[in-house]
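Please keep the sequence and the model in view while reading.

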Amino acid sequence: MSIRPAALRNNEGIMNSAILLVDVASAGRDSWKAFLQRHSYEVFTAKDGESAERQCLQLQPDLVLLYDNLPDVDGFDLCRRMKDNPLNQQVPIVLVKQSSNPADAARGRAAGAADFWGTYSSVAEALGRVQSLLRLKTYIDEQAKSVMLSLARSIEARHPLMNGHSERMVNYALQLGRSLDLRDEDLQELRIACLLHDIGKVAVPDEILLKPGSLNAAETRVVRQHPIVGVSICAPLKSLRRILPAIRHHHERMDGSGYPDGLCGHQIPLLARILQVADVYDALITDRPYRDALSPEDALETLNREAAYGWLDDSLVGKFSQLCRYGGDYFPVRGRTMLASYYA
Ligand SMILES: [Fe+2]
């Protein structure tokens, strides 16, 4: 999964809206592109259907302006194809056809376009339409993010023994993140990543998720899909784009023995490594079907052992241990029972 780089943020750390301009090199394309850039949009271009589809998935733009003038594909067919991909569902596509007829607007809607433009009187008018669509997109993204957070809470509530796990993780992870001088925007992303990291477990059947004993190989395979499923759930939303690597990689291990990609060391994103420490610590200080909760001191010893095995980031575990021992109110009351699937 590719996401747009952080360099595309503005000075306030807010991501500029990205527009994908799909247009064979028409006379007006470059001036229209420059006009949009002057209004602080990130503008990418594609000049045929194949590159439009590829770039839409890679960039996950906030808006696609699709001109029906491509050499290799009809614009309406391309629109339909792009909207058929679930990852593009939240991406509004505007179909633009210079010499249109009344039936084209209906064809555009049938192809999944958010809007259909024939001609417009001025670039200012077109800009107004672009701004309206982007405002709507931002609103829908935020609403969808709220739904995601509710979904994550409901997954946790499916097994009350895990209730509150994510909220406790947020507390540990943020204190560790602050001790590393992470920026406020990174801390905010860390918070959301903690709350949503296991959202992919929505696809794990209850008989596996709630199984008190150990999992067999087939069940383990199902559980191990949850980081990938989580990314596919969150990927269509711009507001969650930056936390996708933390969701995908929260079960990697420093020695490469984790999943889903077997990343090693600092290939694992920092937010994912912080999240892991918080995740494992909270798992250890809560009861499990086959053992009582560990004391905070024993839990820290276990964390340090896991770092020595090459699983967790030893520098982060060292920092976390210091914070726990000397840094504040880290030690919560003993937690509740955890499930075998938790550590799969
Ligand atoms: Fe997980």
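A salt bridge here is a side-chain nitrogen of Lys or Arg within 4 Å of a carboxyl oxygen of Asp or Glu. Asp 62 and Lys 137 form such a bridge, with their closest N and O atoms 3.7 Å apart. The model is predicted, and it holds 20 salt bridges.

- Asp 62 and Lys 137 are both buried.
- Asp 62 also pairs with Arg 241, at 3.9 Å from N to O.
- Because Arg 241 lies in the loop between H10 and H11 and Asp 62 in the loop between H2 and S3, this second bridge ties together parts that are 179 residues apart in sequence.
- Arg 241 is buried, as is Asp 62.
- A network of salt bridges links Asp 62, Lys 137, Asp 141 and Arg 241.

- Glu 125 and Arg 129 meet through their side chains in a salt bridge of 2.8 Å, N to O.
- Both residues lie in helix H5, four residues apart, which is about one turn of the helix.
- Glu 125 counts as partly exposed because its relative accessibility is 27%.
- Arg 129 has a relative accessible area of 26%, so Arg 129 is partly exposed too.

- His 226 in helix H10 (residues 226-234) and His 250 in the loop between helix H11 (244-248) and helix H12 (270-284) are 24 residues apart, and the pair links distant parts of the chain.
- His 226 is buried, with a relative accessible area of 1%.
- His 250 is buried as well, at 2%.

**Nonpolar surface patch**

- Leu 136, Tyr 139 and Ile 140 form a nonpolar patch on the surface, with about 310 Å² of accessible area together.
- Tyr 139 is found in helix H5 (residues 123-158).
- Tyr 139 has a relative accessible area of 53%, so this residue is exposed.

Methods. Residues are numbered from 1 along each chain as its sequence is written. This is a predicted model: local features need pLDDT of at least 70, side-chain atom pairs count only at pLDDT 80 or more; totals for chains, interfaces and linings use all residues. Side-chain values use heavy atoms; hydrogens and water are left out. Patches are made of residues with over 30% relative accessible area and no salt bridge: like charges are joined within 9 Å, nonpolar side chains (Val, Leu, Ile, Met, Phe, Trp, Tyr) within 5 Å. Accessible areas come from the Shrake-Rupley method with a 1.4 Å probe; for residues, only the protein chains shown count as cover. Helices (H or I, at least four residues) and strands (E, at least two) are DSSP runs, numbered from the N terminus. Buried means under 20% relative accessible area, exposed over 50%, partly exposed in between (1.4 Å probe, protein chains only).
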